[in-house]
Amino acid sequence: MNPKLPYVLLVGAAVIIFILSCMLLSRGGRSPSCESQPNVVEKTGSVSQSLVFADLTPEEMSQVVRYLQGHLGVPLVDASRAKPSDNCIASVDLQVPAKAEVLRFLDAGGARPPREALAVLYFGNQAEPNITEYVVGPLPTPAYHRDVTVQRYGGKVPYHRRPTLGSEYEQLRVFLEKKAFTAAPTFMQEVLEYDRTSVAFQTTVPHGFQSGDRVTWFVLFQNVSGFFVHPVGLEVLVDHSSLDISRWAVSRVFYNGQYYRDMAQLESAYVQGRISVEKVRKVPWDGDFSSMKPRAPPAALFPVQFEPQGPRYSVRKNHVLFQAWSFAFGMSVSTGLRLFDIRHKGERVAYELSVQEALSVYGSNCPGGMSTRYMDGSFGLGRYTSPLVPGVDCPYLATYVDTHALSDSLRPKKRKASLCIFEQNLGSPLRRHYSNLQSLYYGGLVNSALVIRSIATVGNYDYVWDFIFYQSGAIEGKVQATGYPSSSFLHGDGLRYGNRLWEHALGTIHTNFVNYKVDLDVGGVKNSLVAHDMAFEMTRAPWSPEQQIERPRLTKKVLDTEDQAAFRLQSKMPRYIYFAANSKNKWGHQRGYRIQITSFAGDHIPEASSMERAISWARYQLAVTRRKEEEPTSTSIYNQNDPWTPTVTFADFINNETITNEDLVAWITAGFLHIPHSEDIPNTVTVGNSVGFLLRPYNYYDLDPSIYSHDGVFFTSEQDFTACEINPLACLPKTASCLPNFPPFTYDGFRNM
């Protein structure tokens, strides 16, 4: 036996023991994984009831399509390849049941309302082309359909009002490439270096100047990332009013400040040297200055929020439960995110909260920019809801929900992770007080709220839509605007209409307005509208009559009629305006929910404008009307393409009806002015571009309901505030020292484009 062998074995054993000890020590020092706790207990019935508001499933959408194909007696072409002269299904969405039926079902044990769909059809292949809306039901096995167009709009909807299908835009692109641009080959090649893939288009709306028009300016940009800020100076007006594509024609051409009859005249002028050419430097595909690729390398990771014991909310189908809150959610193809049956502590405070419209009015010295008035609901705030990126668009560990839509196609499309729900610690106290007078204590409550969010990308703009639920019983509706600024080619007196963003890019001035429907049911369906404010009164000091005191006093007024409750944008509105219940709190005050608006809106458009009535909802920062089933929305998707004869005119809702002790709806408008500036390059930030409203309890409770929150903190100078049973914050090293389970990053935003 080798005498050195025992020593070798001892050394080897020592090394193994050392390695094992290190492994055990390192494992012992590692924080355990966070484990979810069964924090949320939910009644099965509430989930089942919320399904009355649930979006159509893909199977239901397909059933509606098959039913219509088999029961209308006319050929239906897939909208994705339909010509204007074809019949097609433009969209299929949920037909929300009448409120009275729903409340009988939810509150009185009545029958569940039949599940129905609303289908919008374009009939181009008829003697009198028109748009028709059908209610189809009952789902999931349709057996009937009824034409509701006349009932909803007072008559057939003219065909020229139809929102433009993707197939029509594609046909217009082909027309420009094969007919319009071929009339100016030298100009297109030498000035724009055109090769059929080098340009991108942005279209304008409305299509013309009067009812029946369907003429559109196409603004040309370099086809690069962030093309919206790369104008090349050429804009083409196309008349596509005919249902026969072969009859489409160029009506006018604009280049670098000059107008031409058509592309042939532009070509002739160029060849003869009669054009002032402003050649734009060609940028790489990534857009150069418009690229959103970070200019800095990765560094320390930004803060990430996690839930040490799992989510404190539940999402089951379309029903959300968070602490004292519950609600149902859905996604309309045209108007986007909407909530129903919003309850706090089991009592309904609102029947519906929904986005209605997003409006932008542009200015420019180029024809495309100066004629643009976007009504984004016509394009589809729900249709263009985009997939969300975990960790940026929403917290990484948020709950992500897929949504489905049937629009511009015969098949439903899945939008993966297009809605998110999360609890957010806002990093500030909801309320607090530190007492160093008389008794010594600290009391506070972290401001942790539930957020439901969707983001709609409509052309250049991205709208971040939030509804936020606070522990105090308040609800916030908020929109943040980001995306790219729209631009015109900088020439002449362009700086009267915006700021220069780059060599040839004029960031065009524009307004942003959003409209919400808020159907509050405070302590029941019947409410009144009450205004409280303050006025100074002069009085003599009772203890010193020779002295005068100016003291604030409370003013009160019941707003009896719709006219009294319609507050113009620039008018003075009472600072406390609330829906009042027919019941009182412990202190004898009418229970209420106050409406508080955050807005920086100016004028929407002069009322003398021929198209103003189509956007007349934007006249008012707040208008309260009687709720009517025949007034479900403040506007219509058909208003965009015929604002001169609007299908729905919100101003007509306000007709001085009494609103005392009635079922009421608040229509809220918020907005801001955007003058694009150099910091909008590469694109616009959300900071400072946020507006919305708050709904706050006003004597609704006997005291602040958040006092019952489990998150409260209170300790005195005489208590051991390092003890967990006294101060839950003292337990954080134990309760929050786990490692969150981050799932692998995924994103499906580029599939099935």
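Arg 281 is in contact (heavy atoms within 4.5 Å) with Gln 222, Asp 288 and Trp 502, leaving aside its neighbours within four places in sequence. This is a predicted model, in which local features need pLDDT of at least 70 and side-chain atom pairs count only at pLDDT 80 or more, while totals for chains, interfaces and linings use all residues. Residues are numbered from 1 along each chain as its sequence is written, and side-chain values use heavy atoms, with hydrogens and water left out.

**Around Arg 281**
- Arg 281 sits in the loop between helix H8 (263-271) and strand E11 (313-316); helices (H or I, at least four residues) and strands (E, at least two) are DSSP runs, numbered from the N terminus.
- With a relative accessible area of 44%, Arg 281 is partly exposed, because that label covers values between buried (under 20%) and exposed (over 50%), using a 1.4 Å probe and protein chains only.
- Its C-alpha atom is separated by 45 Å from that of Thr 399, 118 residues apart along the chain.

**Domains**
- The domain assignment gives domain 1 (46-155), domain 2 (166-290), domain 3 (313-698) and domain 4 (710-740); such bounds come from an automatic or database assignment.
- The centres of domain 1 and domain 3, taken over C-alpha atoms, are 28 Å apart.
- Between these two, 33 residues of domain 1 are in contact with 33 residues of domain 3.

**Nonpolar cores**
- A nonpolar core is a set of buried Ala, Val, Leu, Ile, Met, Phe, Trp, Tyr and Cys residues joined through side-chain atoms within 4.5 Å.
- The largest has 63 residues, of which Leu 339, Ile 342, Ile 452, Trp 465, Phe 469 and Tyr 516 touch the most other members.
- Strand E15 (residues 347-362) gives the most to this core, with six residues.
- A second, separate core of 35 residues includes Ala 79, Tyr 122, Ala 614 and Tyr 638.
- Not counting residues up to four places away in sequence, Ile 342 touches residues including Trp 325, Phe 327, Phe 469 and Ile 475.

**The second largest pocket**
- Here, 40 residues form the lining, and Arg 312, Glu 423, Val 446, His 710 and Asp 711 lie nearest the centre of the pocket.
- A pocket is an open set of points on a 1 Å grid over the protein atoms alone, where a 1.4 Å probe fits, with protein on both sides within 12 Å along at least five of seven lines; lining residues have an atom within 4 Å of a point.
- Domain 3 and domain 4 both give residues to the lining, so the pocket lies between them.
- Strand E19 gives the most to the lining, with five residues.
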